[in-house]
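Trainee: I have not looked at this structure before, and I would like to go through it with you step by step. Could we begin with the overall picture and then turn to single parts?

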Amino acid sequence: MSFVIGAPCVDVMDKSCIEECPVDCIYEGSRMLYIHPTECIDCGACEPVCPVEAIRPMQRLAEEWKPFQEASRELFARVGSPGGSTKVTTLEDPHLVTEFEKED
Ligand code: SF4
Ligand code: SF4
């Protein structure tokens with residue numbers, strides 16, 4: 001996995017990142033978006049456009065991002081590799097995300 005989306009995306013989801021991704025590997029859940037760990041080509045185009053700095057490269061993951069990395073892994077273990085987010089409907093968020101309480 002090269003890039004990971006973390007807690008700041010939860011309930012924000014403005015989707016600027018999706019428009020930048022050249023391989024359409026950023027998938028929509030109900031509360032946040034997820035980067036596919038093997039479809040991502042590590043280009044870095046999404047990271048600077050996120051208005052809430054929710055996207056980080058795996059090499060610079062803060063501790064609080066790691067549960068989101070794990071949740072994303074679980075999600076795509078279930079979903080597989082659809083080959084593009086336009087090929088699927090909204091994904092079911094992992095438990096961590098459905099239960100996540102955002103701080104104000
Ligand atoms: S790093 Fe590039 S390929 Fe990976 S999710 Fe971001 S824009 Fe898409
Ligand atoms: S740009 Fe940031 S906040 Fe917006 S959907 Fe992408 S990761 Fe989430």
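Trainee: How many helices and strands are there in the protein, and in what order do the elements run?
Mentor: This is a predicted model, and in it the protein has three helices and four strands. Read from the N terminus on, the elements run β-α-β-β-β-α-α.

Trainee: What is the radius of gyration of the protein, and what does the globule rule give for 104 residues?
Mentor: Along the principal axes, the C-alpha atoms of the protein fill a box of roughly 35 × 25 × 25 Å. For 104 residues the globule rule gives 13 Å, and the protein comes close to that, so it is as compact as a globular protein of that length. The radius of gyration itself is 12 Å.

Trainee: Where do the buried residues of α2 lie when seen down its axis, and against which elements do they pack?
Mentor: Helix α2 covers residues 66-79 and reaches 20 Å from its first C-alpha to its last, close to the 20 Å expected at 1.5 Å a residue. The buried residues in α2 are Phe 68, Ala 71, Ser 72, Leu 75 and Phe 76, and because they fall within an arc of 130 degrees when seen down the axis, they line one face of the helix. In general, an α-helix has 3.6 residues a turn, so residues three or four places apart point the same way. The elements against which the buried residues of α2 pack are β1, β3 and α3.

Trainee: Which residue follows α2, and what is its phi?
Mentor: The phi of the residue that follows α2 is positive, and the residue is a glycine. The answer is Gly 80, with a phi near 85 degrees.

Trainee: How does Lys 15 count, given its C-beta neighbours inside 10 Å?
Mentor: Lys 15 also lies in the loop between β1 and α1, and its phi is positive, near 70 degrees. With 13 C-beta neighbours inside 10 Å, Lys 15 counts as partly exposed.

Trainee: Which residues come nearest to ligand 1?
Mentor: There are 14 residues around ligand 1, and by class this shell has eleven nonpolar, one polar and two charged residues. Those that come nearest are Cys 21, Cys 40, Cys 43, Ala 45 and Cys 46.

Trainee: Which residues are the closest to ligand 2?
Mentor: Ligand 2 is surrounded by 13 residues, which divide into ten nonpolar, one polar and two charged. The closest are Cys 9, Ser 16, Cys 17, Cys 50 and Ala 54.

Trainee: Which residues does Val 88 touch, not counting residues up to four places away in sequence?
Mentor: Val 88 has its place in the loop between α2 and α3, and with 13 C-beta neighbours inside 10 Å it counts as partly exposed. With that limit on sequence distance, the residues that Val 88 touches are Tyr 27 and Pro 82.

Methods: Residues are numbered from 1 along each chain as its sequence is written. Chains are lettered from A and ligands numbered from 1 in the order in which they are written. This is a predicted model: local features need pLDDT of at least 70, side-chain atom pairs count only at pLDDT 80 or more; totals for chains, interfaces and linings use all residues. A residue is near a molecule or strand if its C-beta atom, placed from the backbone, lies within 6 Å of it. Ala, Val, Leu, Ile, Met, Phe, Trp, Tyr, Cys and Pro count as nonpolar, Asp, Glu, Lys and Arg as charged, and the others, Gly among them, as polar. Helices (H or I, at least four residues) and strands (E, at least two) are DSSP runs, numbered from the N terminus. A residue is buried if 20 or more other C-beta atoms lie within 10 Å of its own, exposed if 12 or fewer, and partly exposed in between; C-beta atoms are placed from the backbone. The expected span of a helix is 1.5 Å times one less than its number of residues. The arc is that of the directions from the helix axis to the C-beta atoms. Two residues are in contact if their C-beta atoms, placed from the backbone, lie within 7 Å. The radius of gyration is taken over C-alpha atoms; the globule rule is 2.2 Å times the number of residues to the power 0.38.
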